[in-house]
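Have a look at the picture, then read on.

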Amino acid sequence: MAHAENAKGVLFEVSDRLRNSPLGSHECGLLAFQLLAWGYLEQQGRLDSAESIDDALERGAAGVLDALKHLESRDAPIGQAFDGASRRAHAVGNDLVPATVSTKRLTEGGIFERFSPVDIANALEHDRTMSFVAPQELAALMVSLTVSEGCSSIYCPWETAGRLVGALLQSPSTIYVEAPYAAPVSALLSLFRHGATEIVITDPLRAPTALKSGRLRKFGATLSLPPWNMQLADDVSDRDLYGRFPIKKANGNGLSVQHIVAQTDGRAAVVVPNGFLFGLGRDRDVREDLLNKGLVEAVIALPPGLLQGTNISSALLLLNTQTRCQSVGLVDATQPHFAKVAGKGVVGLSHTEAIIAFCQSLSSGRPELGHHQLDETMARTVSVSEILANDAVLQVDRYVMAQEQRAAQAALDALPTAALDDVVHSYSPVPNKDRGVDSVDAIEVYEVGAADLPSTGYIRHPEKKVTIQLNSRRPGYSDEVFLRAHDLVLITKGSTGKIGIVPDNVPPPGPGGWIAGQSAAILRSRDPRFDARGLGLWLRSEMGQQLLAGIKAGATVPLISLATLRKLMVPVLTPEWIGRAIDALRCEDEIQHQIEALEQEQRGIASALWQEFLQSTAH
């Protein structure tokens, strides 16, 4: 086969004849691919007499339009492949004839012997109606991880872009596709397969169609890129007839994964947003259910920007419904070793053979064999029990750490430690609903945000004023939200890990007091005899920052959940080391004051000069 990049020229050869039409670039490309598929079917002898290209061209554009209408009326998969072709052809008008002539010339010349139809289909412009599309190498990886030799049936729910069907072009397995709307690219590629392909237009969650004897069919492998964060009514799980949803109140991501598990008797590869891997509530319930049942075999963090149409971080979830998994393989494919620049603003996936070898070693029962290509900064095997103890978090960078983070963790392991929650109380800031209020009970206070936290010394006086209303129904609430001397302010959203220490001269609670910003948490010593400043200085150190970086999560904005933060292990500091930390903090603060004084003096030098200049010229 010729190079994939040159396949764009094949599609352009036909679509360029349609450039003057009112169709958009994707619609033009899709019609061009439908015309090429028409020519391929004719070369294969799979057309009726009414669908002959030569006969159609004799009648001009009207003849081509009639032939496409005839193809569109055919049973599946041909009818599905040519869905919308007559509408597009009608919009093109007389330009349809030269495009069809080009099609005839290319297909009679054996263009599909030189170029893969998958590469030609991949040259199509991104369909803006699709939320995201997987690149060809990701689809191929999903096939390699799930479809074993002898697998007779493959399930592809929500397959609309055709990438998964394309990756299965050479597979003899039967493919069953469920798509929520017409998917002509998937149907077009199915025409080039030797195995059978059935495409059903349905909502896989609300109305699954792969049934046998009133029960869900089981498939030997499942490949899927389900829509993310679907807003679904409770009736989807309440009306389920097939027992698909152990966690009935799960959100769209959790319901999609549970549906896939219910229809798979083998392995499933599912692309999920990172939020599903660390989210609390029902997301965590679904992850716990999967882990407790031994269904999670591996999680592969994917490079940002890999999916066309979204920049949300994502991962490939590999499930195994046949063999109980006691541990989970975790691969960090966000690293430069795996990510490649495939064009302007386009990210690709490379070295997938190392990922495949690692995942195959998991099923062999000898995971150590998979580490000969990937060291512990790229991949790890973690026990299910360890993951369950960590809120069932499956985010890869929580376990696969860079060398610096691993060194920091090793150094911490050699020290006496305690959970952060055993040392300090952690409080959430004043909620948004109680900020910016206009009522007689509202008071004006100062808000400490990320910009107010210095890298050394204490927090200076914040500048931002906000009005808040205190929740009178919670006893002691005002004591919680107002900052006290030696409290720690830790940023948990955005600039995660940034930390500040409240000085002695903080105003008392009430009007003019200080509160933490919405992106922060307040850490306050549990024991009045324990000074939290030592802990704050340690968290601000390089080692502390490495460990805080290890617990951050977030699909788009970095986050540290309070539940995870409370479990963070920190060193137990003796009174001597706390005292030395406070001395170091005092030295930092004194130097910072000197720096500020010098900066003020520096700014005044030029100002004094020009003041003198103005006075001299006035005389």
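A residue counts as buried here when its relative accessible area is under 20%. Keep in mind that this is a predicted model.

With that cut-off in hand, take strand 8, residues 296-301: it is mostly covered, with 6 of its 6 residues buried. Strand 8 has strand partners too. With strand 9 (residues 314-320), strand 8 pairs in the antiparallel sense over 5 bridges, and Ala-301 stands opposite Ala-315 there. With strand 10 (residues 327-332), the pairing of strand 8 is parallel and runs over 4 bridges. Here Ala-298 has Gly-329 as its bridge partner.

Is Leu-223 buried or exposed? Its relative accessible area is 0%, so Leu-223 is buried. What is Leu-223 in contact with, leaving aside its neighbours within four places in sequence? The answer is Met-142, Val-143, Thr-146, Ile-154, Tyr-155, Cys-156, Pro-157, Leu-164, Leu-168 and Ala-269. As for Arg-282, it is 59 residues from Leu-223 in sequence, and their C-alpha atoms are 23 Å apart in space.

Strand 16 (residues 443-448) and strand 20 run parallel and are joined by 3 bridges; Val-448 stands opposite Ala-516 in strand 20.

The other open sheet has 4 strands in the order 15-21-18-19, and its pairing is antiparallel. Strand 15 (424-427) and strand 19 (499-501) stand at the edges with a single partner strand each, so one side of each has no neighbour in the sheet. The twist here averages 25 degrees from one strand to the next. Strand 18 and strand 19 pair in the antiparallel sense over 3 bridges, with Val-489 standing opposite Gly-500 in strand 19.

Here are the strand pairs side by side:

| Strand pair | Sense | Bridges |
|---|---|---|
| Strand 8 and strand 9 | antiparallel | 5 bridges |
| Strand 8 and strand 10 | parallel | 4 bridges |
| Strand 16 and strand 20 | parallel | 3 bridges |
| Strand 18 and strand 19 | antiparallel | 3 bridges |

On to the helices. An α-helix has 3.6 residues a turn, so residues three or four places apart point the same way. Helix 1 (residues 7-15) has the buried residues Ala-7, Val-10, Leu-11, Val-14 and Ser-15. Why do the buried residues of helix 1 line one face of the helix? Seen down the axis, they fall within an arc of 125 degrees, so they line one face of helix 1. Their cover includes helix 2 (25-43), helix 7 (96-108), helix 8 (111-114) and helix 9 (117-122).

Helix 23 (residues 542-549) has Gly-544, Leu-547 and Leu-548 as its buried residues. These cover an arc of only 100 degrees around the axis, which puts them on the same side of helix 23. They pack against helix 19 (403-413), strand 18 (488-491), helix 22 (533-539) and helix 24 (562-567).

Helix 23 also turns up at the second largest pocket, where the elements giving two or more residues to the lining are helix 18 (384-389), helix 19, helix 23 and helix 24. This pocket holds about 460 Å³ of space. It is lined by 18 residues, and those nearest its centre are Asn-390, Arg-398, Met-401, Gln-409 and Ile-551. Which helix gives the largest share of that lining? Helix 19 does, with 4 residues.

How many cavities of 30 Å³ or more does a search of the whole structure find? There are 2. The second largest cavity has about 40 Å³ of space. Among the residues lining it are Pro-226, Trp-228, Asn-253, Val-271 and Pro-273. Helix 14 (252-262) and strand 7 (264-273) are the elements that give two or more residues to the lining of this cavity, and strand 7 gives the most, with 4 residues.

Methods:
Residues numbered from 1 in each chain as written. Predicted model: local features only at pLDDT ≥ 70, side-chain atom pairs only at ≥ 80, totals over all residues. Heavy atoms only, no water. Pairing = 2+ DSSP bridges. Buried < 20%, exposed > 50% of the residue type's maximum accessible area, 1.4 Å probe, protein only. Arc of directions from axis to C-beta. Contact = heavy atoms within 4.5 Å. 1 Å grid on protein atoms, 1.4 Å probe; cavity = no way out; pocket = protein on both sides within 12 Å on 5 of 7 lines; lining within 4 Å. Points joined across faces, edges and corners; volume = space filled by probe spheres on them. Axes fitted to C-alpha atoms, helices over the stretch in contact; angles between N-to-C directions.
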